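Keep the view open as you go.

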Amino acid sequence: MKIESEIEKVSSFQHLEMLANQVVEGFISGMHKSPFHGFSAEFAEHKVYNAGESTKHIDWKLFAKTDRLYTKRFEEETNLRCHLIVDNSSSMHYPELKSNQPFYEKKIGFAVLASAVLMNILKKQRDAVGLSVFSDHYEYYAPEKGSDRHHRMLLNKLEQLLEQPKAKKTTDTITYLHQIAEKMHRRSMIILFTDMFQTQDDEKLFNALQHLKHNKHKVVLFHVVDNQTELKFDFDNTPRKFIDLESGEEVSIFADNVKEAYEKRVEGYFKNLALTCAKNQIKYVPVNVGDNFEKILTTYLVEKQNFG
């Protein structure tokens, strides 16, 4: 074992952890502007008091400050189980970044940092987190746990996803969502990061998402896209070669010739996704790689409150 490579691994996941912590701390300090007015940095050590619970652990000092009832949390409490799922197919390694661009402006980088951010807040609240990674095979599975060692192991795995895949990896979303669903025995919040780049039957896809909801799990789908090019098809009108990152198929076109038809098709696809998710009580949230992580954290906190 080379000590240099081990040190590199350690410093690597610490970098991701530090970035995630900065995002969470920034979000918490800005919470007074959000629907969570009344929370503070202290919220990480508290949970909302529910009628009928024992009043023994209510934090009356916090009540005096916020006019809301919270109970203190304890080391052994695991209030929530959360399973993160990351799509690591080749299309998630788009767009190609310039040397000065941060890693999270690529879809996989955005999904990795967003996952680390959620892990950070889960750790603060002493909740259990698990991770699944899929592409053309089920790449990784770790069940929900709350230990520091487990947390470090997941950060290390997330870091590895930032490497460009050496081979083209297609997306077999349907197969692996069914397999992940089979592993989820205890009621959990399941959060999926994917670009929904798949050519399979839509109905089969939603059957797989519905399968994730068995045992009363809550499912949140973050649809990760690069708005500028994938949604708005914003390219200059020079002849360009477009290459499918998963199949390698190529097509040479002038962007302006297909822009209008492309935008209509994409808009229809997004609307259909949103409607089908709503019908199946799956929280659907489109996110752009250029955005900050406030939408991720706000969605998580709202869904956690609704999870009960």
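**Reading a cavity and the helices beside it**

A: Start with the space itself. This is a predicted model, and its largest cavity holds about 50 Å³ of space.

Q: How many cavities of 30 Å³ or more are there?

A: The count comes to 1 cavity at that cut-off.

Q: Which residues line the largest cavity?

A: Look for residues with an atom within 4 Å of a cavity point. Here the lining is Met-119, Leu-122, Lys-123, Asp-127, Val-129, Lys-145, Gly-146, Ser-147, His-150 and His-151. By class, 3 are nonpolar, 4 polar and 3 charged.

Q: Which helices supply at least two residues each of that lining?

A: Helix 3 and helix 4 do. Helix 3 gives the largest share, with 3 residues.

Q: What is the angle between helix 3 and helix 4?

A: About 170 degrees, with the axes 10 Å apart. Helix 3 covers residues 107-124, and helix 4 covers residues 148-160.

Q: Are helix 3 and helix 4 roughly parallel or roughly antiparallel?

A: Compare the angle with the cut-off: over 145 degrees counts as roughly antiparallel. Helix 3 and helix 4 are therefore roughly antiparallel.

Q: Which residues meet where helix 3 packs on helix 4?

A: Helix 3 brings Val-112, Ser-115, Ala-116, Met-119, Asn-120 and Lys-123. Helix 4 answers with Asp-148, His-151, Leu-154, Leu-155 and Leu-158. This contact divides into 6 nonpolar, 3 polar and 2 charged residues.

Q: Where do I see the contact and the cavity lining together?

A: Pick Met-119, Lys-123 and His-151. They belong to the helix contact, and they also line the largest cavity.

Conventions:
Residues numbered from 1 in each chain as written. Predicted model: local features only at pLDDT ≥ 70, side-chain atom pairs only at ≥ 80, totals over all residues. Heavy atoms only, no water. Axes fitted to C-alpha atoms, helices over the stretch in contact; angles between N-to-C directions. Helix = DSSP H or I, 4+ residues; strand = E, 2+ residues; numbered from the N terminus. Parallel < 35°, antiparallel > 145°, perpendicular 65-115°, else oblique. Contact = heavy atoms within 4.5 Å. Nonpolar A, V, L, I, M, F, W, Y, C, P; charged D, E, K, R; others polar. 1 Å grid on protein atoms, 1.4 Å probe; cavity = no way out; pocket = protein on both sides within 12 Å on 5 of 7 lines; lining within 4 Å. Points joined across faces, edges and corners; volume = space filled by probe spheres on them.
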